[in-house]
Amino acid sequence: MRITVIGGAASTGKTSIMMHTLQHIIAKGIRPAVVKIDCLDAGQDKVYASLGIPFAIGLSKDLCPDHFLATNFIAMFKWAKLQKADLLIIETAGLCNRCAPFIDLAFSICSIDYTTSIKAPAKFGPIVKTADLLLLSKGDLVSQSEREVFNYRLKELNPCAVLQEANGLSGRGSKKLADYIMQRKDIDSLEEAALKYSMPSATCSYCVGERRIAECYHHGIVNTMTFEEGDYV
Amino acid sequence: MFNTITIYPGYNKANQRENYECLTLKKGSVYSIVGPTGSGKSQFFEDIELLTDTDGVTKRIIKSNEGIPKVVHLSQKMNFMVEMSVQEFITVHASCLKIDDSKSHCEQVLKLANNTSGEPILPSDYLTKLSGGQSRSLMIANIAMNPTSDIVLLDEIENAGIDRLKVLEILLDANKMVLIITHDPLLALLSDYRIVFKNGGITHFLKQTLEEKQLNKQLLQVDKKLNSIRHSLRNGLEIKGGQFNEQKAVME
């Protein structure tokens, strides 16, 4: 079974573009299964289900969705195998830009929206740096020259990644994306897989539900900012 | 080396297959795209931009003879989003295009963007504060002065404050493939070929005739006249009867 992970901020067009892409894949006689990872129920479960393919949703709720994803990769892989799928697509929201939701054995797609300003690529960090393909949407809304600067900066951050533009409304670009996804080799298990980028050491009191902010409630690994005299000018 | 793109038929809004075998467009030629609003002209540009392979709404297939051509596009919906001064942005853009002399590049872009009677864009102006016409003017100038492009797609450049004939001249000197969506008869007749759209599909592919070339010379005169009247109006002048009659004479 092949495996692809697609991550990226909310509303960048992940689901719209994947819906077009999956139709090309299904037309080739491939059976995909999709898992969507989210923090809260976004009520979008019907979108993928409308394709008549195995679909599951994983809600991380109080946990960091990236941690939740890391601990559920193998379970999702086994589930998709049980569904007799040829391809597993995992869609997840990359949230704080601190992490990347990718593993080495899966094809990694980072979805980015051109309207986030050309200053943005530098802020994206690991999710851009560790992706195999950068999926660019909403290019029809920004000037040509800004797109060129944007692409250049992405290439600087990740020279190896493929840049693919796509339009979630018309489906343009979805066939090429489908080809990239299908180029990947089948794998039997994820037991040997590793995250491409380490997750943060989130082991403070707030990780377990603390809400009071006074210093006496800071437990575990905390990192407090220090301000020198000069900083208050 | 990239030289041509070939377009294979898709479907119009009535789901009828377009009636041609294939169309081949060449580098160094200008193609005008004409047709009523909503007839599929802009969709065609988006197909070319991503070299669609049946994966757009029109289901056209577009192939290049070799490699992936670099397509630059000015659509009607584009905006400047970044909070930067004009000069700062053109300099950053120049470095991405590997243009060494960014200072003179910046001057050339601004000179082109400002070469009509619009209020000038200053290097210190912020991109997001430019007027609609100024933004489009600057976007077109940026596209015209981009040495890396192979295919240039321009959607209605007549509504920007820029000398559209000058832009065409620069692009042709640089041997680009140029496609222009236009409602302006002058621009439509300046091109080597016309592609006509109706109801979402291509209906005609026409080569410019000698007669049209002749007519175009007359239209250029009319255009000059219209420009002078436009200039007078913008400067708060009254239009005298003589001016109008003179223009009429040219048209006859």
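Okay, let's start in chain A: strand S1, residues 2–7, and strand S5, residues 107–113, pair in the parallel sense over four bridges. Strands here are DSSP E runs of at least two residues, helices are H or I runs of at least four, and both are numbered from the N terminus. Two strands pair if DSSP finds at least two bridges between them. Looking at one position, A:Ile6 stands opposite A:Ile109 in S5(A).

Before going on, this is a predicted model, with local features needing pLDDT of at least 70 and side-chain atom pairs counting only at pLDDT 80 or more, while totals for chains, interfaces and linings use all residues. Residues are numbered from 1 along each chain as its sequence is written, chains are lettered from A and ligands numbered from 1 in written order, and side-chain values use heavy atoms, leaving out hydrogens and water.

Now the whole sheet. Chain A has seven strands in an open, parallel sheet, ordered S3-S2-S4-S1-S5-S6-S7. Strand S3 (55–59) and strand S7 (162–165) of chain A are the edges, each pairing on one side only.

Chain B has its own open sheet: three strands, S2-S1-S4, with antiparallel pairing. Its edges are strand S2 (23–26) and strand S4 (61–64) of chain B. Strand S1 (residues 4–8) of chain B is joined to S2(B) by four bridges, and B:Thr4 has B:Lys26 as its bridge partner in S2(B).

So how do the chains meet? Let's look at two helices. The axes of helix H6 (residues 144–157) of chain A and helix H2 (residues 86–96) of chain B come within 9 Å and cross at roughly 55 degrees. Axes are lines fitted to C-alpha atoms, for helices over the stretch in contact, with angles from 0 to 180 degrees between N-to-C directions. Contact, by the way, means heavy atoms within 4.5 Å. On the H6(A) side, the residues in contact include A:Val149, A:Tyr152 and A:Arg153, and on the H2(B) side they include B:Phe89 and B:Val92.
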